[in-house]
Amino acid sequence: MSNLELSRKTIETATRKPWQTFLIALPMLLFSLMMLTGGNGLGEDPRELIALLITYVFVNTIFILMVHTGKIDKYRSILFITYAVCFVLWFIPNLIEARGSMNYTSEDIIQGKIPFCHMVTPMILIPAVLKRMIIFPGSLMEGFASIGGMLIIWLGASLALGRGFCSWGCFYGGLEDGFSRLKKKPVLKKINPKWRYLPYAVLLGVVLTSMATLSPTYCVWLCPFKAVTEFEKVTSVLVLIQTIIFASLFVGLVIVLPLLTKKRTQCSFLCPMGAFQSFTNKIDPFEIRIDREKCSNCKVCINVCPTFSMDEASLAEGKANLSCTKCGKCIDRCPKKAISLGVKGTSPKCGTSGGVRLIFLYPAYMFLVTFGGGMIQDAVNRVLLLLSTGKFIQ
Amino acid sequence: MKYIGSILRYLWALLAFPIVLATFIGNGYWAEKLIAITGLEISPWDTGGEIVQRIDQGHYLILLHRPVFDGIIWERKNGFVQVDWKATGEVLPAIINDEIDYDCDGTKDFQIRLDTEKNKADLIALSPDVTGLERVYKLGNGRAVRVLLKNKRK
């Protein structure tokens with residue numbers, strides 16, 4: 001083993017000294033404070049201050065542990081799952097306060113009052129390019145979750161993280177990630193890997209049907225996450241059928257199958273946004289690399305990958321498939337430390353994987369903290385409200 | 001050359017962090033620029049299309065939208081025209097009866113009798129292009145309807 005390899009192995013396996021960890025995490029401590037306060041300084045409401053403090057300590061403890069131990073997914077998943085749960089605890093009460101229920105009406109649609117969600121992105125792009133028309137009943141700039149603001153977030157995520165968005169930004173992903181971790185061993189072990197092409201078919205289908213109908217067909221017919229956000233009030237048989245479909249998909253793909261397979265089945269078998277985001281893995285600078293010399297072909301990475309992004313072919317090629325969400329689970333679990341984060345097009349000997357890991361962790365974690373931090377704060381604030389006044393909704 | 005390529009790729013990787021910061025810190029600014037540069041607009045199938053006529057009826061205003069037949073490549077065979085009623089005072093009259101010339105050709109195309117208390121409307125088509133009526137929408141203290149149309153040009 002050469003000196004270079006030895007030093008890389010040392011960086012990958014040993015935990016850092018506390019002062020090293022502190023210095024590395026210091027910029028995150030400062031930036032996360034700036035992002036969580038919105039740059040507006042501290043508020044005066046004591047409950048909001050406590051919620052901010054809890055969120056700040058929580059997110060930075062996770063980051064410090066990530067930097068100190070070198071484990072990515074082990075700690076990322078804690079924040080990612082918390083983020084998804086807090087998203088639900090934040091979104092639904094806000095909706096009920098604004099509208100009185102989780103239902104939206106035809107009036108909300110024609111007034112453009114539907115919050116934009118990143119899942120719609122692949123469906124709106126072709127009409128936007130051809131006709132400058134956004135086929136979604138939201139607001140371009142004003143209000144909550146405006147289309148312009150969300151498109152910029154999607155662009156930023158795509159440039160910096162590619163499909164890493166699905167493990168570091170998507171506020172739905174943590175739900176099935178959470179359910180997929182509840183059982184120790186999978187009940188359903190043999191899943192035909194061809195199923196992982198299904199989201200691409202769904203993507204093609206919803207893009208074409210959205211163009212034909214000028215409405216986001218995935219949102220109208222399939223999106224399982226309407227179960228935890230908002231859905232049209234059942235006023236007709238058609239809407240009833242749509243409601244049964246999305247509720248069934250939520251129970252099946254977000255709860256039951258992740259429990260049985262320990263995989264993110266909605267992301268792997270249905271999500272058109274995930275399929276679309278896979279293509280952005282071509283433009284972001286990071287990739288998951290497999291050192292074929294170190295690899296013992298134990299296939300742990302294939303078994304643990306939540307999105308079927310590792311297979312025999314990817315092991316032979318020395319990198320993860322296009323659908324990789326850069327969750328870091330394979331890196332954490334590889335017994336030979338043969339898997340690492342790398343910068344595309346550079347030699348594995350150029351720089352250390354510990355250094356590249358930090359270059360990736362900073363933007364990825366910042367994205368997660370900024371996108372999710374506000375939601376976590378609001379959810380904590382609501383829990384504190386519940387504890388102090390007995391009310392969850394104001 | 002390979003060395004320069006590697007440096008450029010590392011620079012691109014280092015840029016990921018400022019990109020994420022700029023995404024969130026300058027979100028409003030970038031979003032405004034994106035909308036201004038691309039000229040994006042919400043689909044008229046959702047908004048009802050641009051308002052082309054305002055008719056003052058004393059107690060209320062009629063806002064007539066342009067007919068919507070927009071398609072991705074060609075216009076569609078069927079569409080609609082949206083008519084809004086807005087109260088100039090606090091509430092709309094209980095019963096509204098209006099005749100509308102949606103294509104501004106000087107001939108009335110349909111007549112609507114709107115019951116603002118029951119949120120129901122009756123349509124009398126005065127032109128063969130008028131095919132029906134969607135439900136009544138309650139928009140604050142105003143109301144809107146979408147009258148279904150056949151595209152004359154198809």
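**Pairing of chain A with chain B in a predicted model**

In this predicted model, Ile134(A) has Ile42(B), in strand 1 of chain B, as its bridge partner.

Reader: Which strands do the two bridges between chain A and chain B join, and how do they run?
Author: The bridge of Ile134(A) to Ile42(B) falls in residues 133-134, which are strand 2 of chain A, and in residues 41-42, which are strand 1 of chain B. Two bridges join strand 2 of chain A to strand 1 of chain B, and the two strands run parallel.

Reader: How many residues of chain A are in contact with chain B?
Author: The two chains bury about 4,100 Å² between them, with 75% of this area on carbon and sulfur atoms. In chain A, the most area is lost to chain B by Ile110(A), Ile152(A) and Leu214(A), together 16% of what that side buries. On the side of chain B the contact takes in 42 residues, and on the side of chain A the number is 53.

Reader: Which helix of chain A supplies the largest share of the side that touches chain B?
Author: Across the interface the rule finds 11 residue pairs in polar contact. Several elements of chain A each supply at least two residues of the side that touches chain B, among them helix 2 (18-37), helix 10 (198-213) and helix 18 (353-389). By class, that side has 36 nonpolar, 12 polar and five charged residues. The largest share, nine residues, comes from helix 7.

Reader: How many residues apart are Asp311(A) and Arg196(A), a pair that links distant parts of the chain?
Author: Asp311(A) and Arg196(A) form a salt bridge whose closest N and O atoms are 2.9 Å apart. Asp311(A) sits in the loop between helix 15 and helix 16 of chain A, while Arg196(A) sits in the loop between helix 9 and helix 10, and the separation is 115 residues.

Reader: Which element of chain A has the lowest mean pLDDT?
Author: The model scores ipTM 0.91 and pTM 0.91, and the mean pLDDT is 92 for chain A and 94 for chain B. Over residues 1-13 of chain A, however, pLDDT stays under 50. Where pLDDT is low, the predicted coordinates should not be read in detail. The highest mean among the elements of chain A, 98, belongs to helix 8, and the lowest, 46, to helix 1 (residues 3-13).

Note on methods
Residues are numbered from 1 along each chain as its sequence is written. Chains are lettered from A and ligands numbered from 1 in the order in which they are written. This is a predicted model: local features need pLDDT of at least 70, side-chain atom pairs count only at pLDDT 80 or more; totals for chains, interfaces and linings use all residues. Side-chain values use heavy atoms; hydrogens and water are left out. pLDDT is the predictor's confidence in each residue, from 0 to 100. Contact means heavy atoms within 4.5 Å. Buried area is the accessible area (1.4 Å probe) that two parts lose on being put together, summed over both. A polar contact is a pair of N or O atoms within 3.5 Å; within protein, one must be able to donate a hydrogen and the other to accept it, and residues adjacent in sequence count only if both atoms are side-chain atoms. Helices (H or I, at least four residues) and strands (E, at least two) are DSSP runs, numbered from the N terminus. Ala, Val, Leu, Ile, Met, Phe, Trp, Tyr, Cys and Pro count as nonpolar, Asp, Glu, Lys and Arg as charged, and the others, Gly among them, as polar. Two strands pair if DSSP finds at least two bridges between them. A salt bridge is a side-chain nitrogen of Lys or Arg within 4 Å of a carboxyl oxygen of Asp or Glu.
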